[in-house]
Amino acid sequence: MSPQKIEMHFTEIMQLSEQLRNLATALKEKAEDELMQIICENKSSWNSACEDILSGKEVRISARIAAEADELLMISGEMEEQAKKMYQMEMLNCQLAATRIYL
């Protein structure tokens, strides 16, 4: 693979990783802030045992969404690390191929 293609693929995966990180951050903010605000508003509207059950389930769902967002953030970081390693190895391979001497 040519160094230009390696650069192009590296840039693409880094952009995808950044997009994933941004989406995960937005998802976490929505789960922790907006969803919890909606849950609190619903709780103030109702006053029953069923509301307590529903509210508990909503809080657990919100926590699971936030946990999944954390997983996506971790995956984004791993994507970047792997992309950097692959980039370095591919560039080294190109350099070795260019300087290889056949006897």
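## Residue E32 in the predicted model

E32 lies in helix α1, where a helix is a DSSP run of H or I of at least four residues, numbered from the N terminus. At 41% relative accessibility, E32 counts as partly exposed, a class that falls between buried (under 20% relative accessible area) and exposed (over 50%), computed with a 1.4 Å probe and protein chains only. Between E32 and A66, which stand 34 residues apart along the chain, the C-alpha separation is 6.7 Å.

This is a predicted model, in which local features need pLDDT of at least 70 and side-chain atom pairs count only at pLDDT 80 or more, while totals for chains, interfaces and linings use all residues. Residues are numbered from 1 along each chain as its sequence is written, and side-chain values use heavy atoms, with hydrogens and water left out.

## Packing of the two helices

Helix α1 covers residues 3-45 and helix α2 covers residues 49-99; the two pack at an angle of about 170 degrees, with their axes 9 Å apart. Here the axes are lines fitted to C-alpha atoms, for helices over the stretch in contact, and the angles run from 0 to 180 degrees between N-to-C directions. The angle makes α1 roughly antiparallel to α2, since that label applies to angles over 145 degrees, with under 35 counting as roughly parallel, 65 to 115 as roughly perpendicular and the rest as oblique.

The residues of the contact between α1 and α2 divide into 25 nonpolar, six polar and 12 charged. In this division Ala, Val, Leu, Ile, Met, Phe, Trp, Tyr, Cys and Pro count as nonpolar, Asp, Glu, Lys and Arg as charged, and the others, Gly among them, as polar.

## Salt bridges

Side chains of opposite charge can pair when their charged atoms come close. A search of the whole structure finds four salt bridges, each being a side-chain nitrogen of Lys or Arg within 4 Å of a carboxyl oxygen of Asp or Glu. One of them joins K28 to E32, with the closest N and O atoms 3.9 Å apart; because these two residues are four apart in helix α1, about one helical turn separates them. K28 is partly exposed, with a relative accessible area of 21%.

K28 also forms a salt bridge with D70, where the closest N and O atoms are 2.5 Å apart. K28 lies in helix α1 and D70 in helix α2, so this pair ties together parts that are 42 residues apart in sequence. D70, at 35% relative accessibility, counts as partly exposed.

A further salt bridge brings together the side chains of K30 and E34 (3.1 Å, N to O), both of which lie in helix α1, four residues apart, or about one turn of the helix. K30 is partly exposed at 42% relative accessibility, and E34 is partly exposed at 41%. Salt bridges that share partners join K28, E32 and D70 into one network.

M89, L92 and L96 make a nonpolar surface patch of about 280 Å². Patches consist of residues with over 30% relative accessible area and no salt bridge, like charges being joined within 9 Å and nonpolar side chains (Val, Leu, Ile, Met, Phe, Trp, Tyr) within 5 Å; accessible areas come from the Shrake-Rupley method with a 1.4 Å probe, and for residues only the protein chains shown count as cover. L96 lies in helix α2 and is partly exposed, with a relative accessible area of 46%.

N22 is found in helix α1 and, at 45% relative accessibility, counts as partly exposed. From N22 to S45, 23 residues apart in sequence, the C-alpha to C-alpha distance is 34 Å.
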